[in-house]
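We will go stop by stop.

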Amino acid sequence: MTDSKYFTTTKKGEIFELKAELNSDKKEKKKEAVKKVIASMTVGKDVSALFPDVVNCMQTDNLELKKLVYLYLMNYAKSQPDMAIMAVNTFVKDCEDPNPLIRALAVRTMGCIRVDKITEYLCEPLRKCLKDEDPYVRKTAAVCVAKLHDINAQLVEDQGFLDTLKDLISDSNPMVVANAVAALSEIAESHPNSNLLDLNPQTINKLLTALNECTEWGQIFILDCLANYTPRDDRESQSICERVTPRLSHANSAVVLSAVKVLMKFMEMLPKDLDYYGTLLKKLAPPLVTLLSAEPELQYVALRNINLIVQRRPEILKHEMKVFFVKYNDPIYVKLEKLDIMIRLASQANIAQVLAELKEYATEVDVDFVRKAVRAIGRCAIKVEQSAERCVSTLLDLIQTKVNYVVQEAIVVIKDIFRKYPNKYESVIATLCENLDSLDEPEARAAMIWIVGEYAERIDNADELLESFLEGFHDESTQVQLQLLTAIVKLFLKKPTETQELVQQVLSLATQDSDNPDLRDRGYIYWRLLSTDPVAAKEVVLAEKPLISEETDLIEPTLLEELICHIGTLASVYHKPPSAFVEGSRGVQHKRLPGSAGSGESVESPDPGAAATETPPAVIPSQGDLLGDLLNLDLTPTTTTGPPPPTTSGMQMGAMDLLSGGLDSLLGGDIGGNPAMGAAFGAAPATMPASFNAPGSGGLDDLFDLGGGVGMPMGALNPPKAVWLPAMKAKGLEISGVFVRRAGVIQMEMTLTNKAMSVMTDFAIQFNRNSFGLAPAGPLQILTPLSPNQSIEPLNNLQVAVKNNIDVFYFSCQYPISMLFVEDGKMERQVFLATWKDIPNDNESQFQIKDCHLNSDAASNKLQSSNIFTIAKRTVEGQDMLYQSMKLTNGIWVLAELRVQAGNPNYTVSSVALAIGPIINQNGFENGFTNQAL
Amino acid sequence: MIGGLFIYNHKGEVLISRVYRDDIGGPLNGVMILLDAFRVNVIHARQQVRSPVTNIARTSFLHVKRSNIWLAAATKQNVNATMVFEFLYKMCDVMAAYFGKISEENVKNNFVLIYELLDEILDFGYPQNSETGALKTFITQQGIKSQTKEEQSQITSQVTGQIGWRREGIKYRRNELFLDVLESVNLLMSPQGQVLSAHVSGRVVMKSYLSGMPECKFGMNDKIVIDKQGKGGGSEDVAKSGKQSIAIDDCTFHQCVRLSKFDTERSISFIPPDGDYELMRYRTTKDIILPFRVIPLVREVGRTRLEVKVVIKSNFKSSLLAQKIEVRIPTPLTTSGVQLICMKGKAKYKASENAIVWKVKRMAGMKESQISAEIELLPTNDKKKWARPPISMNFEVPFAPSGLKVRYLKVFEPKLNYSDHDVIKWVRYIGRSGIYETRC
């Protein structure tokens, strides 16, 4: 007997026949009829009219029939809520059945019937089932709580099911634990702030124990839940990692990837010099490679994830290039992903192999794949300088094939190669020009036009070439039009005599006949520049362009961090945060990686010289994914080729007020339309200009750069600027800065440099909550708050968010605590004495300042300029004891005793603070000293 | 989690549709629209499948295809995609274990069973125990009325228990086990004979017919284990065995293997499932024995003729025999005629596959054979060059190309009175070609 016959009944009076059969006395016939009903339901026929008849069949001891009826109920109960009530009794009865399989079946099905009236009846049976003696029933009930929560969250809370669910985490059966974890994780997701999944070392320990015992799926639930935990310190982090690593040998790829997620996340907390850190890195590579021998769909997911892992920790897979070589029979989606990773792993050591492979791929059939391979060759040239020459010659070979899309792709990448290595490979231009006619894609045309304009002086017939493009000006895409305009202006500046007519033609086309505002504006700017000051025009238009960086298509770091937290999930496949494709409250929480051990990260490159002379690592805007956006969400930025016109930009910067200091007269420095920007905080009108370097306006910034420094009191702190936010991490925006205290006001001086290729506007700033309540005043932008401070970070750590038209960038920097000392910090002698005695010993801390070659008087003077006042001085046994006081902006007094021994460069400081503990640490004092002592 | 699971035939008709969550479109109509969306955008798409994950109307579809059948999971949430794919494969395995090949007919014939399985192994979109051994004890098509209370609780404790893959009380008169080391050797070679990449992916597949709850321990010539033992034992041992040990890049195990024990001691111990299962998978890249070497020679004679000569050399002990040898030499699309001469076996030009297929039934080690072909081409104006796909090869050899050797498989069952010696054990090595390609 087969069941396929049920699919073929398409007679007219079917419903009536079925009705009759359902009410038949014969059990067999009834069962047949229900099967027919289910088959009709599957193919989309409406059989809801049979509801009462089907429900009548529910009372049966035949489990197969019962399951079929339940299936029907789940599908139609919502459309017939009143009738569904009829089924309630049977459900409640089944929940008491001696057979655990039936009890579980009943509670499982009831949870799937989303009818309010039924839900009410579900509570009691569910409560019983959660405490059932049989683990099979308990594990089913655990999931049922999640179902009920989805229907009626309030009810679940009121009935106390959440607590019962939490208790199940300690259940003796591993599968019950796993399902409880899954249910709780899901419920917790819709209550982002609740402490529902109260992960503490005890529960973590329970989960890790259950991990060894439960099914493969249960292991995934538990690992995914573990990934949400943030260990307290590196020791705990290491011990969890140690217990998770065995999972890397599991046959189920999902277990492996979820384990990788936990390890990648917790690794952030391990100190890099730890032996275990290195061991862990080594352990991660083999399982990732093994994933590539799984089925193609899993390979695809694995590759998308490896792409993220390689960006975060390139060292893991740097020796594994070969496994990413494309196989002839790989599905196209696997091929394209492998190609991406090959480029990321390309280095001087393996470039020869990679190039040979890429050349092979460029002759394949699939157009997308071939294009990507050609583009990859260009990217290799940009990434590995030693290979550039070979890449270029490979590209030339490919151009010779005359395959249309290969030629176009090659021209686009050759343009990038020119940007990276100017004046090196221009000999190939002649070959490129031969293919001018075959270019029909905007990107390739734009690239070619850029090349012609850029090297107009070396191309004899540049004017003719550009003129030929001009004929169909209005039919071109914007990208090509803009490029053509710029190219002709360049040509004119290089060869003014022959091309006057041409430039006038293009300017009038752009300004008079076009309705595209971008094009019109650019046209007008050129026009005015050319007519008022041709010399300036030359300087602007033909300015030296910044080089492009080697790494392209990188995922923005904050997004990358978030995606690492989502390894294995759809977010990691789409390379988009969950909020981009999940509706409702779920997944809106942004996950972040935990901070690393120590404060190593916050004090980056204190040497300003090095930071300034480094070549700016601008980022090429990511080329639109050839596959097309997976989600049809328009997140890919449009590629701007060539330098955009120099544009002025406004910047808004609020002043900062000190919460308790009372010094809150504000200055909103809103200076728009000026490349220089004021960034002064506090009441003083000292405007420290910072440079804002728009691309293409190379020399401009020198004029404005750091003209300040006026009125700085002699001897006061003048530390060098440190790079707070490297351009790599912020799409080309580099921020360096320093904190100073001038004329009683805390100032944060920043230099913002635009190292990207496009204009940045709409700046705004905000600080995260910090210990001393520093804040910029003025209108606050709506920003996602930064994740709460890690405890390991020093008190004087300030987390800042700077926003512009491109994105919001977060960085953190430390302000010297000495900056917070206010001018009226000199305490009366008597008060000092009394206070010194009164403060409990607990508040005292002691440390040494090393290598300070000053005598006590000089030290006292120096410190005074930083508002650390000497109250008294006495000499005991050849030691100078300086008693000092200082007051913080938030009103806290700090008293210190400084012991200076003549000839000994090490000072001993013991400090005490009023009200709160020893907040003054080495930092403050050292800042007061070292910077001046040097 | 998974919102719904659907099975389609190649025409895009829905064979099975099970909805777990309302968010994917509510009952009835919403789901119908979704089902259609997948059919139109993926099954009926004009282009080749560009990704196994598709987002249509803010719903993500993850699909796999088995012969003509499409299995798709739909979700609106940020699910663990790896888990969903693993589950879809598992679903295929479970169905295959119940009714054999996954075909439209079989799915239709067993749709009630499939619904029952889907209800059991996926709850609210969360995968549950999907071990066929356990499922078969209570999901049958005969009903489970007759079960006693003891049997019922035994079922539930097995399904949820620590050893979900084996039930208690199994008895065999003859305790026997079969161990197959199945390897597939993969190669990509340049025309000049340079190995571009080579690896072996191997599987240890077991068939066990053992009574009770036996504790097994599996040992092989894993370099790490041998080296460790060598340190303890005499130096003679190291010299002897060290040579034969192999470096395993990575391995994964069936869930019955105690992973933490492997992690700390590198010993493989487990309580095996009853019957067929895959104990482990592994991968090696070092010191691989490449059973065959392919030497291609392609010469273009003018625009309308190609001369191809391919030599194959067998590279293993001459006492061993390779079987089912097949060499596939791709030909250009414009081929109009082919003339073949081969020393051994049979060769044929298959126009429909654009390839010359040369088959040799058997070939001993350390031998050599060759084929030459003259290919006539149609003259064309097409500028596009022929892509020259690689020459691929298939074969089967009676040894493990990785060099893996099973050292022991010990069985302990303290409760029953049979010892390791009473168990009859069979070991077999089969090396097959994976993707074994030589570029020409």
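Select chain A. Of its contacts with a separation of 6 or more, 66% are between residues 24 or more positions apart. The model is predicted. Chain A has 934 residues, and 58% of them are buried. Its secondary structure comes to 36 helices and 17 strands.

Next, the aromatic rings. There are 23 aromatic pairs over all chains. Select W217(A) and F87(B): the ring centres are 5.9 Å apart and the planes meet at 65°, so this pair is edge-to-face. W217(A) is in helix 13 of chain A and F87(B) is in helix 2 of chain B, so the pair joins two chains. Are these two residues, W217(A) and F87(B), buried or exposed? Both are buried.

Move to Y300(A) and Y333(A). This pair is edge-to-face too, at 5.4 Å centre to centre and 80° between the planes. Y300(A) belongs to helix 17 and Y333(A) to helix 18, so the pair ties together parts 33 residues apart in sequence. Both tyrosines, Y300(A) and Y333(A), are buried.

Now go to chain B. Select F292(B), F316(B), F395(B), F399(B) and Y436(B): ring pairs link them into a cluster. Then pick R21(B), whose charged end sits over the ring of F124(B), 3.6 Å from its centre.

Last stop: a sheet. In chain B, 3 strands form an open antiparallel sheet in the order 12-10-22. Strands 12 and 22 of chain B are the edges. Strand 10 joins strand 22 through 6 bridges. Find K217(B), which stands opposite K410(B). The charged end of K410(B) sits over the ring of Y408(B), 4.3 Å from its centre.

Key
Residues are numbered from 1 along each chain as its sequence is written. Chains are lettered from A and ligands numbered from 1 in the order in which they are written. This is a predicted model: local features need pLDDT of at least 70, side-chain atom pairs count only at pLDDT 80 or more; totals for chains, interfaces and linings use all residues. Side-chain values use heavy atoms; hydrogens and water are left out. Two strands pair if DSSP finds at least two bridges between them. Helices (H or I, at least four residues) and strands (E, at least two) are DSSP runs, numbered from the N terminus. Buried means under 20% relative accessible area, exposed over 50%, partly exposed in between (1.4 Å probe, protein chains only). Contact means heavy atoms within 4.5 Å. Rings of Phe, Tyr and Trp (its six-membered ring) pair if their centres lie within 6.5 Å; planes under 30 degrees apart count as stacked, over 60 as edge-to-face and the rest as tilted. A charge sits over a ring if NZ of Lys or CZ of Arg is within 6 Å of the ring centre and within 35 degrees of the ring normal.
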